[in-house]
Amino acid sequence: MVYADNAATTRVSEKVLEAMLPYLGEGYGNPSSIYQLGASSRMAVENAREQVAKALGAASAEVTFTSCGTESDNWAIKGAARQLARKGKKHIITTNFEHHAVLHTCQHLEKEGFEVTYLPVDSEGLVTGDLVGDAIRDDTAIVSIMYANNEIGTIQPIGEIGAVCRERGVLFHTDAVQAVGAVPIDVAGQCIDLLSLSGHKIYAPKGVGALYMRKGIRLDTFMDGGGQERGRRAGTENVASIVALGTAIEDVYLDFHKRTAHIRQLRDTVISHALRMPRVRLNGSLEHRLCGNVNISIEGIEGESILLMLDNAGIAASSGSACTSGSLDPSHVLLAIGLEHEVAHGSLRLSFGSFNTQQDAEYICQQLPVIVERLRSMSPLWDRMQKQQ
């Protein structure tokens, strides 16, 4: 099998698995316990916290572990919005093509009386600092803009946006779930106040994430209970997965340039071959793009049909976000960048990671045109499009 859906989830690396296994076995102590077995678990958690902080350019006290990126997004946006609402700030700014963890959170807050501005993006999925600055008002509580889009891979000018927010005295949150491990991150230099990340996108297991909160920001506790995570998030820590996250985030930045250059080569190989087919377009920015992301629209056929035939050929891919794969509606991301419904329906996302090889990319390049030609030969829509030319 050629696995080309790393934006959905990644395989746990051997190094990460080895690091977490002791805490599923003999190192099972509760990190809140004071005896040696518990203390060793506490040390493992704090070591992982330092690893995550170092990767972000943060202090370890600014990192809180969560269950996933979605929890981190919810906590950051709801926590900041509700806290600043007490000061009369009930306005939120985001974009119209965020992950649903952000969009649905904002929609929930609208029901609580908050006003949300959904900024448009351009045809490549980019938003500018000036556009954000123009939308900021005296009652703006928080700006939340994703670092890199999960579907089309567009990387936003985060430093520029963060500087605008800092200058205007508005909190800035970024969903960096797709960006961590793919781009260098410096929360201080980029003026980021809150940042969400997830382990299973960087070769750690599912069910662990983190929220960076800049020193001085104190959000309300997300869950009531014990005093874990410095009293910020109740619940006994998932030690093995936290250790895995720390190991994974350290590992993806150890040989960062060589690893991302390899992944980028696979991406560019597939993009160049895909664009040789007629009526195929690349979605998102080529210049400002995640190293492993390929998102194309293939006119005349449905994305789901492509996925099924790719699967039959041993290729695992996606037509968009894995979180919405059961939806029959076209991607809100592709509609946001101006694609028509019928074009958006024919989208394909291939996302590469550290375990992919050049042979994987070449196999996809071999199979994809054959599949597209076969599906188009059966498509009344494609037949009609050909006759209209």
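1. Let's start with L17, which is partly exposed, with a relative accessible area of 34%; buried means under 20%, exposed over 50%, and partly exposed in between (1.4 Å probe, protein chains only). L17 is found in helix 1 (residues 14-20). Helices (H or I, at least four residues) and strands (E, at least two) are DSSP runs numbered from the N terminus.

2. A word on the basis: this is a predicted model, where local features need pLDDT of at least 70, side-chain atom pairs count only at pLDDT 80 or more, and totals for chains, interfaces and linings use all residues. Residues are numbered from 1 along each chain as its sequence is written, and side-chain values use heavy atoms, leaving out hydrogens and water.

3. Now look at T9, in the loop between strand 1 (2-3) and helix 1. T9 is buried, at a relative accessible area of 15%. Its contacts (heavy atoms within 4.5 Å) include Y3 and H200, not counting residues up to four places away in sequence.

4. Next, the sheet: three strands form an open, antiparallel arrangement in the order 9-10-12, where pairing requires at least two bridges found by DSSP. Strand 9 (280-282) and strand 12 (347-351) are at the edges with a single partner strand each, so one side of each has no neighbour in the sheet.

5. Finally, zoom in on one pair. Strand 9 and strand 10 (residues 293-298) are joined over three bridges in the antiparallel sense, and V280 stands opposite I298 in strand 10.
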